[in-house]
Amino acid sequence: MYRFSIRDERYMTREEWIDKIVLSSIPLRQINDRGMPINSASGCIISYCNKKLLLTVQHVTGNMGNWVIEIKYVPGHGTKGFRLGGMMFLKECNLTTEIWRDIDFSYVIIPDNIQPYFQEISPAERRIITEIPRLTNTVDFNVIPNDNYRYGFYGQTRILRDDLQQRVFAHHSTELDMQYLGIADDMYKFRLNREHPGHIYYQGCSGAPIIDSDGNVVALVVQGDSSENVIYGIALKRYKIAIDIECGIIK
């Protein structure tokens, strides 16, 4: 399904669009005190003002320091990861009611040399069959969704072993051709191109980038509504100022 041949230009082919959706989604793992994974999520790495940032959602990571970026499997050593440390996240206050609420967005600056990979691995031979660098995106915060474009996202949910083919596969969820419906409760709303398969199907997709058919990252997956057959995404444009402060543009 994935060819991984992406051009850095507008009006990409459908195959290039799908490849960009897959390679832009960064698998995250929550680990316990023994270093064992206990939860999963997704994120997006962006390059902004000469810095590299990991973007994801607050309802998964909070400000906890026990999340890692899954970098790659290294034969003979296991899976390599980069521990994120404390995450930055936001709250906003209604000045009339003085009520604070959490913003479902978290982020952190990461070292420039962090490079995760998309891999297919043979468990029998413990060798890597496919290894492709995941993407670092440049985000245009002025781009907003509209109904002239298609939208999609990808998230790795769990690992499956196929002993017959002697391979390990990352079970994933891929949604394509979503339709933009507008803004609801400060989030972008997208209609799925099929019946909502159930929330368990998307476990691990929270924080995955939602990408338009020109290849622009416009939002991060936050939640879904099976009754309305929709996915909600946090609007990156709305919180650009927080990224500007973090990167030292606004002081």
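A charge is taken to sit over a ring if NZ of Lys or CZ of Arg is within 6 Å of the ring centre and within 35 degrees of the ring normal. The structure is a predicted model, in which local features need pLDDT of at least 70 and side-chain atom pairs count only at pLDDT 80 or more, while totals for chains, interfaces and linings use all residues. Residues are numbered from 1 along each chain as its sequence is written, and side-chain values use heavy atoms, with hydrogens and water left out.

**View 1. Charges over the rings of W17 and Y117.** The charged end of R150 sits over the ring of W17, 4.8 Å from the ring centre. K72 lies over the face of Y117, at 4.7 Å from the centre of that ring.

**View 2. The aromatic pair of Y151 and F190.** The whole structure holds eight aromatic pairs (rings of Phe, Tyr and Trp, the last by its six-membered ring, with centres within 6.5 Å; planes under 30 degrees apart are stacked, over 60 edge-to-face, and the rest tilted). Y151 and F190 form a tilted pair, 5.1 Å centre to centre with 50° between the planes. This pair links distant parts of the chain, 39 residues apart: Y151 belongs to strand β10 (residues 151-162) and F190 to strand β12 (residues 187-191). Strands are DSSP runs of E with at least two residues, helices runs of H or I with at least four, numbered from the N terminus. Y151 is buried at 0% relative accessibility, and F190 is also buried, with a relative accessible area of 0% (buried means under 20%, exposed over 50%, partly exposed in between; 1.4 Å probe, protein chains only).

**View 3. A cluster of rings.** Ring pairs join Y151, Y180, Y188 and F190 into a cluster.
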